Amino acid sequence: MTQPSRGGEYDVAVIGGGLVGSALAWGLARSGQKVAMLDEGDIAVRPSRGNFALVWVQGKGLGMPEYAGWTKQSSDDWSGFADLLREQTGLDVAYRRPGGFMPMLSEEDLQARANTMMRLHNQPDMIRYPYEVMDRETLRKELPFIGPDVVGGTYCPLDGHCNSLRLLRTLHKGIGMLGVDYRPNHRVERIEHRDGGFRMSTAGGEIRAGKIVLAAGHDSARLSPMVGLSAPVRPQRGHVIVTEKTAPFLHHPTVYVRQTDEGGVMIGDSFEETGFDTTLQPGISSAIAERAIRFFPLLGKLNVVRSWAALRVLTPDGFPIYEESKTAPGAFVATCHSGVTLAANHALTLAPLIAAGGLGDRFAPFSARRFHVPQAA
Amino acid sequence: MSAQGSKFDFDIAVVGSGPAGLAAAALAASKGASVVLLDEQTEPGGQIYRAVTETPVRDRKVLGPDYWHGAELLGPLRDSGAVHWPGSTVWSVARPREDGPDGERRIQIGLSRNGAAAMLTVRHVILATGALERPFPIPGWTLPGVLGAGAAQVLLKTSGLVPSGATVMAGSGPLLWLLAWQYLQAGARIDAILDTTPKQNWRAALPLLPGFLRSPYLGKGMKLMLEVRRKLTVIGNVTALRAEGGLAGEGVLKSVVYTRNGTEHRLPADTLLLHQGVVPNLNLANATGCAQRWDEQQRCWRPTTDEWGATSVEGVSLAGDGAGIGGARAAEEAGRLAALDALHRLGRIGREQRDQSAAPFRAALDRALTGRAFLDTLYTPAEAFRVPADDTIVCRCEEITAGAVREAVRLGCSGPNQAKSFLRCGMGPCQGRLCGPTVTEVIAAERGVSPAEVGYYRLRPPVKPITLAELAALPKTDADIDAVFKH
Amino acid sequence: MFRRLPEIETAAEKVSFTIDGRPAKARAGDSVAAALLANGVTACRNTPVSGAARGPYCMMGVCFDCLVTIDGTGNRQGCQVRVAPGMAVETQNGKREVER
């Protein structure tokens with residue numbers, strides 16, 4: 001059987017239909033690639049359906065200034081990204097950038113937070129951005145509903161949020177309009193690198209593509225070694241609570257509490273190393289609720305209508321992995337736990353590079369090789 | 001120290017005080033188990049026997065003898081020693097991460113009572129959550145003045161209220177005829193009954209008629225229906241329905257438009273009572289993680305249970321209509337069977353004793369289920385009323401139309417959970433109770449596959465809203481607090 | 001529109017409460033939703049999504065269409081709360097306010 005040397009049915013197959021996969025598929029299709037997006041079915045581990053929807057900058061990247069810069073770039077591009085999506089699909093993903101707060105409940109925590117922000121910005125090669133450490137009175141002018149336990153907090157004007165479920169839907173609508181072949185119920189079982197292309201055995205039959213992008217979240221850990229890549233990610237569980245729709249009252253997102261464009265108040269979150277178990281723990285929801293009420297006592301009267309536990313896709317250092325395979329060129333992996341914040345980058349910066357054929361030196365720090373260096377004693 | 005004997009620890013919790021719950025709690029407690037019966041309502045009876053202790057409708061012929069049978073379940077409950085906590089909303093049933101300090105397996109029940117949340121621990125839970133009316137999505141079903149027939153019956157039982165002004169009933173199923181009969185007894189006005197039972201259902205059901213005629217209970221329903229048909233205007237073969245409001249469809253119900261033999265007719269209406277059968281109220285079982293299956297005959301999801309009502313989750317069983325529609329009498333017997341099995345699992349009775357004691361209940365259950373297949377077949381709602389046209393709202397909370405669900409399918413949503421995240425259908429306070437069956441069927445029809453393949457919403461606690469303050473006041477372990485604060 | 005069966009209307013113990021500030025009467029034991037319907041109030045709120053009018057639909061606590069403000073607390077299920085003497089029931093317009 002004859003095949004084009006670097007060919008197959010698709011230029012690129014994106015494996016994973018969550019926020020990372022669909023943002024990449026959207027960007028790849030806009031770059032003129034013929035794209036297939038392979039996804040699992042209705043019930044799957046889907047962090048994209050459970051996240052907190054912040055487009056967040058402050059505090060990220062201590063230990064990897066390149067990640068801080070990457071995050072800031074996405075935040076700066078997000079507004080244009082949202083406009084492109086709206087022009088294309090008619091859907092508004094409700095991106096707002098009113099600046100975000102991290103309120104603190106003790107002077108000790110506030111001091112630690114201030115130190116973290118300072119250390120972050122003192123890193124070599126750090127692209128600095130404005131932020132403020134606020135005392136209680138300053139904070140209260142911006143967030144009038146804070147409770148008596150709040151001693152102050154940090155503020156960053158770059159922080160914002162969006163409607164992340166609508167983002168997922170909008171990207172899916174957008175890729176459909178761009179001609180991406182979306183294939184749900186196509187869990188990838190095996191990938192073979194052959195004749196300069198890739199063959200994937202899936203639950204829905206074989207798919208061939210010249211390039212592949214692993215954006216499968218947790219499943220990238222399983223798939224990466226098949227093409228000489230590595231994605232040592234683990235699930236970290238986080239509980240989230242959401243209240244009934246409420247008239248707008250909270251005009252800035254905070255790390256723990258934000259009001260959605262639809263009116264519900266989202267309240268997070270927890271950090272649990274419990275594998276793939278997504279069973280809710282009432283005690284953890286309770287602790288989250290109690291903290292939120294300390295921040296904003298008036299939340300206590302609101303009704304909780306839903307809660308869930310989602311699984312963050314975490315690398316050992318918490319930073320993303322972006323890498324092309326050395327042994328199977330054309331195979332890329334993209335994994336992060338900030339699929340909302342980084343969506344603009346994935347769509348507008350990363351996808352065109354993959355379409356063009358390579359990531360370049362800028363992405364060297366994001367290689368998974370950083371996890372393989374022997375520990376210096 | 002064992003928590004057993006404390007105010008918040010019991011051998012068995014029964015959730016729901018309809019026929020299944022009342023019978024289960026009474027039997028289990030009478031055999032010496034510590035039992036708590038939890039129910040959201042302030043009085044026992046569930047929906048079928050709603051307000052049976054206090055209904056203002058004292059003329060017994062209005063609500064009929066089947067209703068008053070419910071009162072007979074209350075004596076045994078009182079005598080059994082079961083603790084009855086009415087006004088208690090169960091919002092969560094879960095296995096905790098660790099077993100109790102005594103090594104005993106416990107199940108945690110999240111409960112809201114008098115505005116305060118509490119956690120109970122039990123060794124076994126029997127969910128007797130009953131049924132709710134199958135959604136009846138027609139254009140205009142969200143207008144004020146349109147209610148479920150079951151809702152109207154609750155108004156009659158609890159408050160002696162009947163419709164006034166122009167009243168139309170529409171749909172199919174035993175409850176519709178029972179309510180019409182009760183209204184007749186009470187002297188209430190009904191302008192018309194629009195019967196949506198598909199003509200071809202009679203053909204399909206006919207072979208099952210002999211079984212139905214053997215039923216000691218269901219034959220009475222036939223008599224009711226015949227009396228209603230004799231005394232009221234019943235319009236059959238209705239194939240389309242819509243409710244209309246005032247100007248531009250705003251405001252409250254003004255008229256009902258129906259199609260019969262291809263022709264549209266309009267009736268003025270102040271009240272429209274809709275009904276097309278009932279489906280299991282499975283939110284709590286689903287959120288507890290109980291496996292469920294699609295029942296093609298009843299066209300609904302039902303939790304998977306064995307012959308004792310045991311679910312796929314250890315220590316959790318189901319009894320009554322919540323496990324599949326069988327009616328009040330069947331629910332009662334299923335409650336007793338579940339109670340016997342729970343007693344056996346808790347080591348209070350041996351297998352042999354369980355099986356022996358179960359024999360009469362099982363026989364009674366079989367009797368109660370006689371003829372059910374006929375009813376299920378006859379009253380399977382027409383597809384037009386299960387899979388509505390594009391402009392019809394299916395999710396009342398988020399106001400999502402059938403057309404929007406179909407568009408999500410075209411975007412690649414293969415099931416209700418992805419559709420939910422795309423559209424918010426099922427995300428409102430009712431948590432999919434009023435749209436779940438419809439969304440599954442719309443997706444199935446659009447994809448051309450069985451609802452079994454499409455699946456159902458995956459639900460999470462709280463299955464009923466509780467306030468954030470209630471949630472915040474629950475007990476927490478150090479690990480719980482660390483998971484939130486230590487990061 | 002709903003009316004009380006005559007024999008019940010005459011025998012009933014009455015409860016006085018208010019609907020949007022107007023005095024109203026119910027039968028002791030009525031749920032708030034039943035009391036609204038008995039007083040001719042068919043629509044009890046406008047939805048937070050489209051603003052469409054809604055009224056009680058299921059009367060058994062599952063549909064959340066009978067949400068009203070009761071004694072200053074928004075989004076209460078009218079069919080799950082019994083009307084009490086002096087209770088202030090208010091119809092709701094759209095989203096609940098956080099402070100009530």
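What we have is a predicted model.

A word on confidence to begin with. Chain A has an average pLDDT of 95, and 97% of its residues score at least 70. Residues 1-7 of chain A are below 50, and that stretch makes 13 contacts in the model beyond near neighbours in sequence.

Now chain C against chain A. Twelve residues of chain A are in contact with eleven residues of chain C. About 970 Å² is buried between the two chains, with carbon and sulfur atoms giving 58% of that. On the chain C side, Lys95(C), Arg96(C) and Val98(C) lose the most area, together 65% of what that side buries.

Which residues form the salt bridge here? Glu244(A) pairs with Arg96(C), and their closest N and O atoms are 2.4 Å apart. The side of chain C that touches chain A has five charged, three polar and three nonpolar residues.

Next, chain B. Its domain assignment gives domain 1 as 9-132 + 279-349, domain 2 as 135-276 and domain 3 as 387-454. The centres of domain 2 and domain 3 of chain B lie 25 Å apart. Six residues from domain 2 and eight from domain 3 make the contact.

These two domains of chain B bury about 660 Å² between them, 66% of it on carbon and sulfur atoms. Pro135(B), Pro137(B) and Trp141(B) supply 70% of the area that domain 2 buries against domain 3. Between these domains there are zero salt bridges, and two residue pairs are in polar contact. The domain 2 side has five nonpolar residues, one polar and no charged.

Notes
Residues are numbered from 1 along each chain as its sequence is written. Chains are lettered from A and ligands numbered from 1 in the order in which they are written. This is a predicted model: local features need pLDDT of at least 70, side-chain atom pairs count only at pLDDT 80 or more; totals for chains, interfaces and linings use all residues. Side-chain values use heavy atoms; hydrogens and water are left out. Contact means heavy atoms within 4.5 Å. Buried area is the accessible area (1.4 Å probe) that two parts lose on being put together, summed over both. A salt bridge is a side-chain nitrogen of Lys or Arg within 4 Å of a carboxyl oxygen of Asp or Glu. Ala, Val, Leu, Ile, Met, Phe, Trp, Tyr, Cys and Pro count as nonpolar, Asp, Glu, Lys and Arg as charged, and the others, Gly among them, as polar. pLDDT is the predictor's confidence in each residue, from 0 to 100. Domain bounds come from an automatic or database domain assignment. A polar contact is a pair of N or O atoms within 3.5 Å; within protein, one must be able to donate a hydrogen and the other to accept it, and residues adjacent in sequence count only if both atoms are side-chain atoms.
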